[in-house]
Amino acid sequence: MCLAIPALIKSRDGEQAVADIEGVTRQVSLQLTPEARVGDYVLLHTGYAISVIDPAEAEETLKLLRQISEIR
Amino acid sequence: MKFVNEYRDPELGKKLIERIHRHTTRPVSLMEFCGGHTVAIFKHGIRQLLPDNIEMLSGPGCPVCVTASADLDRAIALARLPGVIITSFGDMVRVPGSDSSLQQAKAEGADVRIVYSVLDALGIARDNPEKSIVFIGIGFETTAPTIAASVLQAEKEKINNYYVLPLHKLCPPIMKTILDLGEVRLNGIICPGHVSSIIGSHPYQFIPDDYGIACVISGFEPVDILLTIDMLLNQIKNEAPAVEIAYRRGVRPEGNKQAISLMESVFDVGEADWRGIGVVPSSGLQFKVQYERFDAGKIFHIKPGPTRENKGCICGSILRGVSTPLNCPLFRNSCTPEQPLGPCMVSGEGTCATYYQYGDSHG
C-alpha cells in the first residue's frame, strides 16, 4: 500500500501541481513537498508527492551498481 | 519510465546475482518488512535466483493485513449508520470482519466508496454537505502524513462533515516487537522504502545497535532489491551491522521533515491493535485532542458485536514471519483471491495473495 511512483512535475499553482506519469497527467498535492519545482521528479503516493527524487543520488547509485557488478 | 527502467536492467541484475552467489558464505535469514517488497521479490523471481542458504521471510508490512478484526468491525459498524458515507482504499472493503465486510455492508445498502486518495474523500465531503464522510485511515508512515494533510485542509476549508477512523500504524515499533518476540532469527532486514522517504534512516538505528541486525533501506525495482541484499550480505560478512540506504534517490537520512511535522501536528503516538500480534503501545497514531472532532471512532456511537477470528486462518503468524502460506490448510483450498478468508489473501501485497499469484519453488 506504500506504493509510490515517479511523476514529473509539469506545472504548479500553490500547493497543487500537474504531473506527468508516462503520458498520463494527474493533479498532485505538494503539501508534503513544498520544495518541488517544475521539472522535478517526485515520488507520487495516493495523490501526494512524498519525496523529490534526487537525480544526483540516482546517478551515484547507478555508478555504484556498475562498479560493484564489475568487482569480483 | 525514468528512475524505474534503469533499475530493471537484466544485465545489471544478472551480475548482482552472480556477485551475491560468490559472496554468500553461511546461511542467513533476511526479512523484507514491506508488502511492496514481498510482491517485487516474487514478481521478479528473486527468491529462486538467490543461493539456497539465503532464507527470505516476509514481515507484517501490509496495512490491510495488519488491521485487527475489531477495528474492521468498527469500520463496518460505521458504514451501517444512517447518513454516513464510508470512503476507503480498495482492498480494505473486501476483508472479512467478524460477521461481515465493508463490501457486504455495501450490498446491504450502506454507502461505501473506494477512493484512490484521501483527497477524493475530501471531495466527496465537499459535494455531500448533508452526509457524514468517514475515511478509513489505514496505512503506515507513508500514508499518515497525507491523512494529516487532509485534516488540516478540511479545517482550513471549514469542511465540517469529514471524519477519519484513525488506524495508522508505525513501522519501527512493530519491528522491535517482532524482534523481542524472538520467534524468528534474523541476520538482516530489508527496510521499507517509502515509509523511509518520510521517516528517514535514523529511526531504525536501534536494530543494529541493540540487536546486531543489518538494515538496508530498499527501493522496489529488482536491481534495487538485489543491491540491498548485496549490501546486507556485506554488513553480515564484516560483522558490522548498520543502517544503510540503497534507495538514495528516494530516501534521505533525515526523511521528509515537512511530512513529519504535518503528521506530528495532527496525531500523537499511541497504542495500536495489530492482527496476529495484539495491542502494541506506541505503535500507532491517534488524533491530538484539538483534532478529536475529526475522529470518527469518538464522534459516532458504535457498538460492534464480539470479535470473532476466522477459524483456521493463520494470517497472524504469517505476518510475524513465523509461518508461510504453505503452512496453512486453507491456502489455495477454501481461501483464494476470489473467496478470501483472511486479509493476507485479500490485499494485492498480502503474503498469501503473493504466494498464490507467483508461487514459491522454495516452499
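Author: In this predicted model, two strands count as paired if DSSP finds at least two bridges between them.

Reader: What makes β4(A) and β5(A) a pair, and in which sense do they run?

Author: The criterion asks for at least two bridges, and four bridges join β4(A) to β5(A), so the pair qualifies; the two strands run antiparallel. They form a hairpin with two residues between them, and T46(A) in the turn has a positive phi of about 40°. β4(A) also pairs with strand β1 (residues 5-13) of chain A, again in the antiparallel sense and over four bridges, with A7(A) standing opposite V42(A).

Reader: Why is β4(A) called largely enclosed by the rest of the structure?

Author: A residue is buried if 20 or more other C-beta atoms lie within 10 Å of its own; five of the five residues of β4(A) are buried, so the strand is largely enclosed by the rest of the structure. Y41(A), L43(A) and H45(A) point one way from the strand, V42(A) and L44(A) point the other way, and all are buried.

Reader: Which elements give two or more residues to the side of chain A that touches chain B?

Author: 29 residues of chain A are in contact with 43 residues of chain B. The elements giving two or more residues to the side of chain A are β4 (41-45), β5 (48-52) and α1 (55-70), and α1(A) gives the most, with eight residues. By class, that side of chain A has 16 nonpolar, nine polar and four charged residues.

Reader: Which residues have the most contacts inside the largest nonpolar core?

Author: That core has 147 residues, and those with the most contacts inside it are V42(A), A49(A), A79(B), I86(B) and I189(B). Helix α12 (residues 222-237) of chain B gives the most to this core, with nine residues. Domain 1 (5-53 + 172-245) and domain 2 (66-170 + 255-299) of chain B both give residues to the core, so it lies between them.

Reader: How do you know that β5 (residues 132-137) of chain B and β6(B) pair, and in which sense?

Author: At least two bridges are needed, and these strands share five in the parallel sense, so they count as a pair; V134(B) has Y163(B) as its bridge partner in β6(B). Both belong to an open sheet of four strands, ordered β4-β3-β5-β6 (chain B), with parallel pairing. The edge strands are β4 (111-114) and β6 (162-166) of chain B, each of which pairs on one side only.

Notes: Residues are numbered from 1 along each chain as its sequence is written. Chains are lettered from A and ligands numbered from 1 in the order in which they are written. This is a predicted model: local features need pLDDT of at least 70, side-chain atom pairs count only at pLDDT 80 or more; totals for chains, interfaces and linings use all residues. Two residues are in contact if their C-beta atoms, placed from the backbone, lie within 7 Å. Ala, Val, Leu, Ile, Met, Phe, Trp, Tyr, Cys and Pro count as nonpolar, Asp, Glu, Lys and Arg as charged, and the others, Gly among them, as polar. A residue is buried if 20 or more other C-beta atoms lie within 10 Å of its own, exposed if 12 or fewer, and partly exposed in between; C-beta atoms are placed from the backbone. A nonpolar core is a set of buried Ala, Val, Leu, Ile, Met, Phe, Trp, Tyr and Cys residues joined through C-beta atoms within 7 Å. Domain bounds come from an automatic or database domain assignment.
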